[in-house]
Amino acid sequence: MSVHKDRVVLAYSGGLDTSVAIGWIGEQTGREVVTVAVDVGQGGEDLDVIRRRALDCGAVEAYVADAREEFAEDFCMPALKANALYENTYPLVSALSRPVIAKHLVKAAREFGATTVAHGCTGKGNDQVRFEVAITSMAPDMDCISPVRDLALTRDVAIEYAEKHDLPIETTKHNPFSIDQNVWGRAIETGFLEDLWNAPTKDVYVYTDDPTYPPLPDEVILTFEGGIPVAIDGKSVTPLEAVQEMNRRAGAQGVGRIDTVEDRLVGIKSREIYEAPGAVALIEAHRALEAVTLERLQRRYKRQMEQVWSDLVYEAQWYSPLKQSMDAFIEDTQKYVSGDIRMVLHGGRATVNGRRSESSLYDFELATYDTGDSFDQSSSRGFIEIYGMQSKLAAARDVRMGQGTGF
């Protein structure tokens, strides 16, 4: 295919800013715009409606993709296997969606002959980095621009432009929050939440009900194979169905509400509210199953790697060589992570209360303190002597050198 250097591929949400960006990019750069809308479970309008709006706003082509299954299988499931929580808190809701959207941006750029990709991110957030690093990691020959950051498309300019050109988009509705959501969770920021002392109000939450007055406890059995949920209460599910069902059930109990101040990639701290009922419940269950199926040192090392993996994904390194190498290790650890986890969802908590696995390393006869105990307790004395030898020798040296503890 011949390359059209006068074309730009734009990540398109169907909202005011990206709708205005279609014509704005054309005016500022003289290039045609191809829009790309990717459904990762964010809800809202139908893809066909979004496609027609893009064309009505001046796009020469409008690419749409239902990527919900792809997102759940190829992005959320690796995060589940990694028990991914940035700063031990955030399940990477937005960070996981950017690489799959970037993948479709590059695909559309190749299909429609564009060499530049545009996105609607500002110059002070993480997502500009995630989009552009992901895009150039897959297509190092492509350029990236942001109408907001690079072409002075502020919100007041966008509203004025939309009204002047009679674009088919709502310009008066004002939401006090900046919201990003997908099947893995929901992220809310800005507005009155920027004052760290302000508590979230009820209207902040959508995916979760108030845990203060929960319904009756909900007990659920999650079945895993190779680290992936394959059934809920005995009913087979796809990865997407598993996340959606746990969003529904855990969300009804108020599970997965997160209020945190995190360190952004660009160097500033940001107050974030997250809702991730399915992700939080599934990670809790997955951790519990790993506790009985992973060997001690393997599990210990994986816990260290999980934090690095989460940092890499948060910091726009989904397609990096290190992250790919870590994926290989994590995947190897999951070959025995199969079995059932029973958990109770209630009052904002997901509490594991049952575990069973054919590949379990838990041996009842070794663990029991009752009759039938097969553990040879007499062997522990020699083990302790050898295990403590280095500390014992160091303590004796300290005393000899006048550095003893004084006990």
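## Asp127 and its surroundings

The side chain of Asp127 makes a polar contact with the side chain of Arg130 at 2.9 Å. A polar contact here is a pair of N or O atoms within 3.5 Å; within protein, one atom must be able to donate a hydrogen and the other to accept it, and residues adjacent in sequence count only if both atoms are side-chain atoms. Asp127 belongs to helix H5, residues 127–138. Helices (H or I, at least four residues) and strands (E, at least two) are DSSP runs, numbered from the N terminus. With neighbours within four places in sequence left aside, Asp127 is in contact with Ser94, Arg98 and Cys121, contact meaning heavy atoms within 4.5 Å. Asp127 counts as buried because its relative accessibility is 18%; buried means under 20% relative accessible area, exposed over 50%, and partly exposed in between (1.4 Å probe, protein chains only).

This is a predicted model, in which local features need pLDDT of at least 70 and side-chain atom pairs count only at pLDDT 80 or more, while totals for chains, interfaces and linings use all residues. Residues are numbered from 1 along each chain as its sequence is written, and side-chain values use heavy atoms, with hydrogens and water left out.

## The five-stranded sheet

Five strands form an open sheet in the order S3-S2-S1-S4-S5, with parallel pairing. Strand S3 (61–66) and strand S5 (143–145) are at the edges with a single partner strand each, so one side of each has no neighbour in the sheet. From one strand to the next, the twist averages 25 degrees. Strands pair if DSSP finds at least two bridges between them. Strand S1 (residues 7–11) and strand S2 (residues 32–39) run parallel and are joined by five bridges; Arg7 stands opposite Glu32 in S2.

Helix H2 (residues 47–56) packs on this sheet and touches S2 and S3. The direction of H2 makes about 165 degrees with that of S3. Helix H4 (residues 93–112) also packs on the sheet, touching S1, S2, S3 and strand S4 (116–118). For H4, the angle with the direction of S3 is about 140 degrees. Axes are lines fitted to C-alpha atoms, for helices over the stretch in contact, and angles run from 0 to 180 degrees between N-to-C directions.

## Aromatic pairs and charges over rings

The structure holds nine aromatic pairs. Rings of Phe, Tyr and Trp (its six-membered ring) pair if their centres lie within 6.5 Å; planes under 30 degrees apart count as stacked, over 60 as edge-to-face and the rest as tilted. The pair of Tyr90 and Tyr314 is edge-to-face because the planes stand at 90 degrees, with the ring centres 6.1 Å apart. Tyr90 lies in the loop between helix H3 (68–81) and H4, and Tyr314 in helix H10 (residues 296–314), so this pair ties together parts that are 224 residues apart in sequence. Tyr90 is buried at 2% relative accessibility, and Tyr314 is buried at 0%.

Trp309 and Trp318 form another edge-to-face pair, 5.9 Å centre to centre with 75 degrees between the planes. Trp309 counts as buried at 0% relative accessibility, as does Trp318 at 7%. Phe71, Phe75, Trp309 and Trp318 form one aromatic cluster. Two of the rings named above have a charge over them. The charged end of Lys323 sits over the ring of Trp318, 3.2 Å from its centre. Arg130, the contact partner of Asp127, has its charged end over the ring of Tyr314, 4.7 Å from the ring centre. A charge sits over a ring if NZ of Lys or CZ of Arg is within 6 Å of the ring centre and within 35 degrees of the ring normal.

## The four-stranded sheet

A second open sheet has four strands in the order S6-S7-S12-S11, with antiparallel pairing. Strand S6 (178–182) and strand S11 (257–263) are the edge strands, each pairing on one side only. Neighbouring strands of this sheet are turned by 25 degrees against each other on average, direction ignored.

A hairpin joins S6 to S7 through two residues. S6 and strand S7 (residues 185–189) run antiparallel and are joined by five bridges. Ile179 has Ile188 as its bridge partner in S7, and Asp180 stands opposite Ala187. S7 also pairs with strand S12 (residues 269–275) in the antiparallel sense, over three bridges; there Ala187 stands opposite Tyr274. Five of the five residues of S7 are buried: Gly185, Ala187 and Glu189 point one way from the strand, and Arg186 and Ile188 the other way.
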